[in-house]
Amino acid sequence: MTRAAQRRQSEERILTAARRIFAELGYDRTTIRAVAAAAGVDGGLVMHYFGSKDLLFARASEIPADELPGGTADEVAEALLTSLGRRLTDEPTASLAVLRSMLTNADAADRYRAAGEPQLNQLTEAIPSSDADLRASLLSAIVHGVIAERYLLRLTHLADASPEQIVDLLRPLFQSLATPPEQQPR
């Protein structure tokens, strides 16, 4: 294995460990030493690759935005449900790291807003209604609330429900929010 390949492998092990620990403990309680131990490397190597805890967090919490297809409000609502279903199937550790940390770390809150803004704008544009911004914000809040409840709070049965069951129950609500009242069947 080349040095470059070893470096990439070590860096990925560190990022995987960092995502998991930031998701479990949040930014404030995560230490470089704990990340290094979980990755099976020395703390100095973590600092060599990432420079600081802030920079490690920035890389570990990069959230790729789900690109919603354009189209009708119903198509966008369905794409949002599909995206939610994926996040309910595979625990989104980068998102969870930011979610858990954003209440105590301003950078994490900024990252979360920046990651969600393009999707929120796309949702708003797809909803043909004068209150599209409110409708899109409600859809976004529901998605984030479901993720936070399922993986972080675990107060209800969301943690045990199948992704399909959750998505099926939310579908009428998402369709209702995505479709303005004047276009809804009576």
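Which residues does the UniProt annotation "DNA-binding region" cover? According to the unreviewed UniProt entry, the annotation covers residues 31-50. The model described here is predicted. The protein has nine helices and zero strands, and 41% of its 186 residues count as buried.

**Overall build**

- From the N terminus on, the elements run α-α-α-α-α-α-α-α-α.
- The C-alpha trace spans about 65 × 35 × 30 Å along its principal axes.
- Among contacts between residues at least 6 apart in sequence, 69% join residues at least 24 apart.

**The annotated stretch**

- Residues 31-50, the stretch named in the UniProt record, are 80% helix and 0% strand.
- The end C-alpha atoms of this stretch are 13 Å apart.

**The nonpolar core**

- The largest nonpolar core has 50 residues.
- The residues with the most contacts inside this core are Ile14, Phe22, Val46, Leu56 and Phe174.
- Leaving aside neighbours within four places in sequence, isoleucine 14 is in contact with Val35, Ala39, Val41, Val46, Tyr49, Phe50 and Leu56.
- Two of these partners, Val46 and Leu56, are themselves on the list of core residues with the most contacts.

**Helix 7**

- Helix 7 covers residues 106-126, which makes 21 residues.
- At 1.5 Å a residue, helix 7 should span 30 Å, and its end C-alpha atoms are 30 Å apart, so the two values agree.
- Helix 7 also has a kink of about 35° at glutamate 117, shortly before proline 118.
- Its buried residues are Ala108, Ala109, Tyr112, Gln119, Gln122, Leu123 and Ala126.
- These buried residues pack against helix 4 (53-60), helix 5 (73-89), helix 6 (93-101) and helix 8.

**Helix 9**

- Helix 9 (163-178) bends by about 40° at arginine 171, and proline 172 follows within four residues.
- Pro163, Ile166, Val167, Leu170, Phe174, Leu177 and Ala178 are buried in helix 9.
- One of them, Phe174, is also among the residues with the most contacts inside the largest nonpolar core.
- What covers the buried residues of helix 9 includes helix 5 and helix 8.

**Salt bridges**

- How many salt bridges does a search of the whole structure find? The search finds eight.
- One of them joins glutamate 11 and arginine 59, with the closest N and O atoms 3.1 Å apart.
- Glutamate 11 lies in helix 1 (residues 3-29) and arginine 59 in helix 4, so this pair ties together parts that are 48 residues apart in sequence.
- Is glutamate 11 buried or exposed? Glutamate 11 has a relative accessible area of 15%, so it counts as buried, the cut-off being under 20%.
- Arginine 59 has a relative accessibility of 32%, so arginine 59 counts as partly exposed.
- Another salt bridge joins the side chains of glutamate 24 and arginine 20, at 3.6 Å from N to O.
- Glutamate 24 and arginine 20 are separated by about one helical turn, because they are four residues apart in helix 1.
- Glutamate 24 is partly exposed at 45% relative accessibility, and arginine 20 is partly exposed at 37%.
- Arginine 135 forms a salt bridge with aspartate 131, and their closest N and O atoms are 2.8 Å apart.
- In this pair, arginine 135 counts as buried at 9% relative accessibility, whereas aspartate 131 is partly exposed at 27%.
- Salt bridges that share partners join Arg7, Glu11 and Arg59 into one network.

- Where does aspartate 160 lie? Aspartate 160 lies in the loop between helix 8 (132-153) and helix 9.
- Aspartate 160 has a relative accessible area of 67%, so it is exposed; the cut-off for exposed is over 50%.
- Aspartate 160 and arginine 150 are ten residues apart along the chain, and their C-alpha atoms are separated by 8.1 Å.

Conventions. Residues numbered from 1 in each chain as written. Predicted model: local features only at pLDDT ≥ 70, side-chain atom pairs only at ≥ 80, totals over all residues. Heavy atoms only, no water. Helix = DSSP H or I, 4+ residues; strand = E, 2+ residues; numbered from the N terminus. Buried < 20%, exposed > 50% of the residue type's maximum accessible area, 1.4 Å probe, protein only. Core = buried A, V, L, I, M, F, W, Y, C linked by side-chain atoms within 4.5 Å. Contact = heavy atoms within 4.5 Å. Expected span 1.5 Å × (residues − 1). Bend = angle between axes of the 7 residues up to and from the residue. UniProt positions renumbered as here; feature names shortened; annotations may be inferred. Salt bridge = Lys/Arg side-chain N within 4 Å of Asp/Glu carboxyl O.
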